[in-house]
Amino acid sequence: MTIDAPSLSDSEIRTLATRIDRPVVLVGMMGVGKSTVGRKLAQLLGLPFADADEEIEQAAQMSVGEIFERFGEDYFRDGERRVIARLLESGPMVLATGGGAFVQPATRALILERGIAVWLDSDVETLLARVSRRDTRPLLRDGDPREIVTRLKAERASSYAEAPIRVTSNPGPHGDTVNRILQELAAWL
Ligand code: S3P
């Protein structure tokens, strides 16, 4: 049995929030829970939250799937980098990024320079269970999701590992993951 370290108290969370001077940027594979975890984390810290994919969709007035389909992945990556660069100028906040963002060298360099990157990691089974709930992800449309997720996770691991903080997201409630991120941030800052 794994016993988690105790969660931070409300006053410890408030103190931590005052020490966060840059965006906390969640990176990691699709399905790991960056958006859900990011929203909860932002709420607890009293910081604004943004989801890079949603911001891209708003800027383009199109879904991520449509952008991939009509203009291709390179075009999406270019827009993704520009949107993330803009969001990184917004001061302390929590920012969830799409799974491929931190794999792009220029986007990764921006995040490492201007944010606090947190790699949310999960095993393939957990990722598959979560991605199967939505079929909006263009990279999973052309093949076997298990094969694609397994391959992308392996290909991307060395990029994600450049994040200074790594937290494992288990199949249980996202609140546990949020608590672990708070603890890691408190130890790191
Ligand atoms: C992608 C992940 C997606 C989205 C796009 C590409 C990827 O975001 O940005 O479909 O390359 O892994 P999520 O990680 O939020 O699913």
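Is G28 buried or exposed, and what relative accessibility does G28 have?

1. Basis of the model. This is a predicted model, in which local features need pLDDT of at least 70 and side-chain atom pairs count only at pLDDT 80 or more, while totals for chains, interfaces and linings use all residues. Residues are numbered from 1 along each chain as its sequence is written, and side-chain values use heavy atoms, with hydrogens and water left out.

2. Secondary structure. The protein contains nine helices and five strands. Helices (H or I, at least four residues) and strands (E, at least two) are DSSP runs, numbered from the N terminus. Their order from the N terminus is α-β-α-β-α-α-α-β-α-β-α-α-β-α.

3. Overall dimensions. The radius of gyration of the protein is 16 Å, which agrees with the value near 16 Å for a compact globule of 189 residues. The radius is taken over C-alpha atoms, and the globule rule is 2.2 Å times the number of residues to the power 0.38. The C-alpha trace spans about 50 × 40 × 25 Å along its principal axes.

4. Of the 189 residues, 48% are buried; buried means under 20% relative accessible area, exposed over 50%, and partly exposed in between (1.4 Å probe, protein chains only). Among contacts with a separation of 6 or more, 75% join residues 24 or more positions apart, where contact means heavy atoms within 4.5 Å. The accessible surface is about 9500 Å², and carbon and sulfur atoms hold 49% of that area. Accessible areas come from the Shrake-Rupley method with a 1.4 Å probe; for residues, only the protein chains shown count as cover.

5. Charge. There are 24 positive and 28 negative side chains, and the centres of the two sets lie 2 Å apart. Lys and Arg count as positive and Asp and Glu as negative, with His and the chain ends not counted. The place of a charge is taken as NZ of Lys, CZ of Arg, CG of Asp or CD of Glu.

6. G28. This glycine is found in the loop between β1 and α2 (34–45). With 1% relative accessibility, G28 counts as buried. Not counting residues up to four places away in sequence, G28 touches K34, G99, W119, L120 and Y160. G28 and G91, 63 residues apart in sequence, have their C-alpha atoms 22 Å apart in space.

7. Helix α4. In α4 (residues 64–71), V64, G65, I67 and F68 are the buried residues. Seen down the helix axis, these buried residues fall within an arc of 165 degrees, so they line one face of α4; the arc is that of the directions from the helix axis to the C-beta atoms. E69 and R70 are exposed on the other side. The cover over the buried residues of α4 includes α3 (52–60) and α5 (73–87). Just after α4, G72 adopts a positive phi of about 95 degrees.

8. The loop between α3 and α4. Both Q61 and M62 lie in this loop. Q61 is exposed, at 69% relative accessible area, and has a positive phi of about 55 degrees although Q61 is not a glycine. M62 is buried, at 15% relative accessibility. With residues up to four places away in sequence set aside, M62 touches E57, I67, R70 and F71.

9. Helix α6. The buried residues of α6 (residues 105–114) are T107, R108, L110 and I111. They line one face of α6, because they fall within an arc of 160 degrees when seen down its axis. P105 and E113 are exposed on the face turned away from the buried side. Among the elements covering the buried residues of α6 are β1 (24–27), α5, β4 (116–121) and α8 (145–160).

10. Helix α9. H174 belongs to α9 (residues 174–188) and is buried, with a relative accessible area of 17%. Leaving aside neighbours within four places in sequence, H174 is in contact with V32, G33, T36, V37, K40, R130 and S169. The C-alpha atoms of H174 and T36 are separated by 7.5 Å, although these residues are 138 apart along the chain. W188 also lies in α9 and counts as partly exposed at 38% relative accessibility. Leaving aside neighbours within four places in sequence, W188 is in contact with R22, I116, P164 and I165. Between W188 and P164, 24 residues apart along the chain, the C-alpha separation is 8.6 Å.
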